[in-house]
Amino acid sequence: MSVAQSSAGPLSQPVTVLPGVGPERAGQLERLGIRTIEDLLLHRPRRYEDRRRFHPISSLQEGEQVLCAGAVVAMGMKYWARRAKSVFELVLDDGTGRLHCRWWGLPYMEKYFKRGDEVVVFGKVNRVKPRTMDHPEHEVLESEAGESPHVQRITPVYPLTEGVSQRWMRALVYRV
């Protein structure tokens, strides 16, 4: 196969042919040097995180990055400074202990969860009394859901630019 034939293949198509990549996203990807599908596939991760093993909540130690799963047993918003500041807190229980997950200044997080949901979180443990994670990556498990590009695997962490989230970039490369 000659070089001319391979350059005209599907890898040379612009990223705008992919679902979810319009002109605005294409501009964001261009800031990363990604113009074609080939550029996307050759965009190398900065590092990889091991998210293959779930850790029981009772065994979590301060400072370690871990993958945990549990059921939502409590959640709520707290406001202060005349409602200018907020924190959304979610409490997960896996049968061995409870984990408090907090998102500062993100009141919309409350609509993503409901009591009884099975949730997987990945992040750094801030404290152990009570066990707490701030801004963990999360995913609500659904019984009919297939594989996820974010958990139960060696997960890539890509260099990003403003407006492009790690989850979105990882899902895009996974789909391609």
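The following questions and answers concern a predicted model.

Visitor: Which residues of helix H2 (23–31) are buried, and what lies on the other side of H2?
Guide: The buried residues of H2 fall within an arc of 160° seen down the helix axis, so they line one face of the helix. Their cover includes helix H4 (166–175). The buried residues are Ala26, Gln28 and Leu29, while on the other side of H2 the exposed residues are Pro23, Glu24 and Arg31.

Visitor: Is Leu11 buried, partly exposed or exposed?
Guide: Leu11 is found in the loop between helix H1 (3–7) and helix H2 (23–31), and together with Leu41 and Val176 it makes a nonpolar surface patch of about 230 Å². Because buried means under 20% relative accessible area and exposed means over 50%, the value of 38% for Leu11 makes this residue partly exposed.

Visitor: Why is strand E3 (residues 85–93) described as largely enclosed by the rest of the structure?
Guide: Strand E3 runs antiparallel to strand E2 (residues 65–80), to which nine bridges join it, and it also pairs in the antiparallel sense with strand E4 (residues 98–104) over seven bridges. E3 is largely enclosed because, of its nine residues, the number buried is seven.

Visitor: Which residue in E4 stands opposite Val91?
Guide: Val91 belongs to E3 and has Ala74 opposite. E3 and E4 form a hairpin with four residues between the strands, where Gly95 takes a positive phi near 95°. In E4, the residue opposite Val91 is His100.

Terms used:
Residues numbered from 1 in each chain as written. Predicted model: local features only at pLDDT ≥ 70, side-chain atom pairs only at ≥ 80, totals over all residues. Heavy atoms only, no water. Patch = residues over 30% accessible without salt bridge, like charges linked within 9 Å, V, L, I, M, F, W, Y side chains within 5 Å. Areas by Shrake-Rupley, 256 points an atom, 1.4 Å probe, with all protein chains shown as cover. Salt bridge = Lys/Arg side-chain N within 4 Å of Asp/Glu carboxyl O. Helix = DSSP H or I, 4+ residues; strand = E, 2+ residues; numbered from the N terminus. Buried < 20%, exposed > 50% of the residue type's maximum accessible area, 1.4 Å probe, protein only. Arc of directions from axis to C-beta. Contact = heavy atoms within 4.5 Å. Pairing = 2+ DSSP bridges.
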